[in-house]
Amino acid sequence: MCWGYILKQPDVQLNAIASAENVRIAPSLRSQKGAIWTKTKTNFEWWEVDIIFRVTGRGRIGADGLAFWFTESKGAYDGPVFGSSDKWVGLGVIFDSFDNDNKHNNPYIMAVVNDGTREFDHQNDGTTQLLAGCLRDFRNKPFPTRAKIEYFQNTLTLLFHNGMTSNDQDFEVCMRAENVYLPKSGHFGLSAATGGLADDHDVLHFLTWSVHPAAQGLPPAPGQATKVTDEDQKRLAQEYSDYQRKLDQQKEDYHREHPDAVTKDKDAEFEEWYESDNQRELRQIFTGQSQMFDALKELNRKLDEVVGRQERTLSLLSSVAAGGAPAIASGHPGQPIAIDTIRRHEVDAVLGNQNIILSTAREIRQVIGDVNARADSIIKNQERAPTAQVQSVGYDMAGLINEMRDGLNTVKRDVAAASQRLGGGASAQTGCPPQQSCLSTTMFLVFAAVQLIIMLGYSLYKSTAGHTATQSQHLTLAHGSAHSRNQSHGRRYYLLHSATPWASPKLSFKRRGSVAP
């Protein structure tokens with residue numbers, strides 16, 4: 001629960017200009033600084049602050065920024081940190097517009113807690129000291145930007161409204177930090193500063209609440225407020241009149257120093273109460289855009305629900321197609337088993353691959369068409385002039401032969417190198433195993449001896465058969481048998497003739513194996 005804490009008689013410092021509608025803390029002039037502080041300290045430990053402000057400028061980049069403070073003591077009038085003093089004790093929430101470190105991370109909102117011993121790091125935009133932060137643009141918005149800062153039970157939370165819609169509840173979480181210890185009482189303040197570039201820093205609304213746990217006693221309701229005494233009423237009335245008189249004196253001094261501004265203000269005195277056609281049109285456009293934005297958000301939410309239902313339906317259909325009926329989980333009757341189906345990103349990937357395949361196929365078809373056209377042109381040229389030489393499209397014949405010769409030489413060198421490596425690595429353990437002959441020495445000698453014995457036996461048999469034929473003519477049958485045997489082994493005997501020392505050199509064989517005398 002919370003109740004309002006009214007900031008009466010704020011302390012306006014340096015170049016800040018207060019009016020009935022807002023407080024311009026720093027105008028859009030170079031090297032300007034301004035601040036506004038509460039005169040008295042708070043009497044509560046936990047609090048919440050609601051700030052409505054505008055930061056506007058004609059340039060694409062602005063400077064320097066706006067800062068919210070909660071410190072033990074008020075800052076200096078001409079401080080180096082966004083219009084306030086350095087080495088503060090407490091909290092500073094800085095809305096930084098200018099990118100000092102050139103990292104393209106501005107405008108940036110950051111929270112910095114200081115114990116009074118550290119100087120603010122301007123070169124790095126305070127990134128080495130920040131407690132938390134977020135990258136949000138708050139310059140030149142159609143509607144005022146808002147920030148809600150809450151400090152409750154050592155937890156700091158900042159909600160931010162980007163000023164793009166007129167919905168007062170369109171906040172988003174910018175930061176949240178725990179274990180933050182701030183002074184139990186202090187001064188609230190706002191400050192701003194400009195540099196080489198300048199923006200108008202206007203604060204339209206600044207309201208604080210004290211926050212208490214539900215277990216603690218609550219303050220009285222607005223209808224049951226305690227009665228203010230007459231002395232307090234007189235004191236408050238006197239303070240208000242003094243502040244009004246001081247404000248009028250500041251206006252007169254400003255008009256005296258800037259007479260041109262006085263004439264301009266008099267001319268525009270009544271025009272500011274009326275809305276021009278352009279302003280009305282812009283307001284209607286922004287209102288319509290905010291309504292369209294809300295409708296799109298609602299449509300997006302409903303579309304997500306439809307997609308979820310569709311995926312569940314597809315899973316049920318897949319289960320029915322696979323098993324004939326939805327599968328029932330064991331132990332939970334009536335509950336279908338979740339079946340994984342294709343997702344949207346998978347469908348997008350498949351479609352993307354199909355598009356790539358189609359584009360590649362088109363390119364291949366185009367290349368094939370070009371090759372076909374060139375081949376047709378070559379054929380037509382040959383038909384027109386058969387004896388003429390057609391210019392080669394690629395390599396000429398001599399170049400092709402040279403290239404083939406080089407390739408063959410390369411293959412020969414590779415084969416020779418491989419043979420050398422195989423021969424040299426025969427003794428190595430990791431090399432190829434040595435080649436073994438399929439016929440050993442022992443087997444070769446055995447085969448040679450058998451062949452020699454067969455040859456000797458045949459020669460002995462032949463000589464015996466010839467001697468018998470010359471002595472008796474009754475052995476014609478035996479001689480015919482031997483003759484037929486010579487016919488069957490004639491070719492082999494001819495091959496072994498030179499190896500038989502007792503064979504007659506005049507003995508010769510015909511093709512059919514007959515013996516010539």
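Start with R235 and D232, whose side chains meet in a salt bridge with 3.8 Å from N to O. Keep in mind as you look that this is a predicted model. Both residues sit in helix α1 (residues 230-257), three residues apart, which is about one turn of the helix. As for the surface, R235 is partly exposed at 43% relative accessibility, and D232 is partly exposed too, at 31%. Salt bridges can also share partners: R24, D200 and D202 are joined into one network that way.

What lets such pairs form at all? Side chains of opposite charge can pair when their charged atoms come close.

Now hop over to R139 and D199, another salt bridge, with 2.8 Å from N to O. This one links distant parts of the chain: R139 is in the loop between β10 and β11 (145-152), while D199 is in the loop between β14 (187-193) and β15 (200-211), 60 residues apart. Are these two buried or exposed? R139 is buried, with a relative accessible area of 7%, and D199 is buried as well, at 0%.

Next, find E119 and K87, which form a salt bridge with their closest N and O atoms 3.8 Å apart. E119 lies in the loop between β9 (108-115) and β10 (132-135), and K87 in the loop between β7 (65-71) and β8 (89-96), so this pair ties together parts that are 32 residues apart in sequence. Here E119 counts as exposed at 51% relative accessibility, whereas K87 counts as partly exposed at 40%.

How many salt bridges are there in the count? It comes to 15.

Technical notes: Residues are numbered from 1 along each chain as its sequence is written. This is a predicted model: local features need pLDDT of at least 70, side-chain atom pairs count only at pLDDT 80 or more; totals for chains, interfaces and linings use all residues. Side-chain values use heavy atoms; hydrogens and water are left out. A salt bridge is a side-chain nitrogen of Lys or Arg within 4 Å of a carboxyl oxygen of Asp or Glu. Helices (H or I, at least four residues) and strands (E, at least two) are DSSP runs, numbered from the N terminus. Buried means under 20% relative accessible area, exposed over 50%, partly exposed in between (1.4 Å probe, protein chains only).
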